[in-house]
Amino acid sequence: MTRMPALFLGHGSPMNVLEDNRYTRVWQQLGETLPRPRAILAISAHWYTRGTAVTAMSNPRTIHDFGGFPQALFDVRYPAPGSPALAQRVIDLLAPVAVQADQQWGFDHGSWGVLAKMYPQADIPLIQLSIDGTQPAAWHFALGRKLAALRDEGVMLVASGNVVHNLRMIRWQGAESAYPWAESFNQFVRDNLDYEGEAAQHPLVNYQQHEGAQLANPTPEHYLPLLYILGARAEGEAVSIPVEGMEMGSISMLSVQVG
């Protein structure tokens, strides 16, 4: 079986679901050109929890976890089937970390917002893993290492967030130019994607040592999904950037492909 690629997609505004732009066209292209997965494990910035959970129901709901957007966005459904069997596989893989088999959540816009462009038919089984907000960056990277085994089982890992995500500093005017600290942190991420050394020394695991980290990510939930994808990377495996850009001064749309 082909080893599946692993993706981190900078998802940006929920409006990307309704729009046709250079980011959404690349997501669509990835869905059309990458090997078709047997199933997808999504890791979204928008399911930020205490402890770890995985969606384990057969028919997860589409969650519209945002406000103030056009009705057309709330009308979108992403009716991909769940996979209780894959959820159990994730629970087993991540042991001894206790992972709750969740029956309440579903797919939030961090996951369905990008997958609706990649796989608009919603016909690939999909489960979502939560991000434990009580754990340090190195822990999330280590979970990515454990999840790497799924890539050889026909499962695509799709993580979704933004490596620079500061909503308080958004520029509504003059949005075409990014803040220097946002550019600097984004470049730091780009420069270290293919780091090969000890995990404990990984610059992107120790990202808070960067002078711009606190402004780039006042809270970590949009950054951490990247670490799952970097953790799932095999030694020497290719890393590429399918698309990138800065939006509204303080949102990085950088996407990363492993494999």
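**View 1. Arg171 and the ring of Tyr179.** The charged end of Arg171 lies over the Tyr179 ring, 3.9 Å from the ring centre; the criterion is NZ of Lys or CZ of Arg within 6 Å of the ring centre and within 35 degrees of the ring normal. The model is predicted, so local features need pLDDT of at least 70 and side-chain atom pairs pLDDT 80 or more, while totals for chains, interfaces and linings use all residues. Residues are numbered from 1 along each chain as its sequence is written, and side-chain values use heavy atoms, without hydrogens and water.

**View 2. The stacked pair Trp47 and Trp105.** The whole structure holds nine aromatic pairs (rings of Phe, Tyr and Trp, the latter by its six-membered ring, with centres within 6.5 Å; stacked is under 30 degrees between planes, edge-to-face over 60, tilted the rest). Trp47 and Trp105 are stacked, 5.3 Å centre to centre with 0° between the planes. Trp47 belongs to strand β2 (residues 39-49) and Trp105 to the loop between β4 (99-102) and α4 (109-118), so the pair ties together parts 58 residues apart in sequence (strands are DSSP runs of E, at least two residues; helices of H or I, at least four).

**View 3. A cluster of rings.** Phe66, Phe69, Phe74 and Trp112 are linked by ring pairs.

**View 4. The second largest pocket.** Its volume is about 170 Å³ (the space filled by probe spheres set on grid points joined across faces, edges and corners). A pocket is an open set of points on a 1 Å grid over the protein atoms alone where a 1.4 Å probe fits, with protein on both sides within 12 Å along at least five of seven lines; lining residues have an atom within 4 Å of a point. The lining includes Phe141, Tyr195 and His202.
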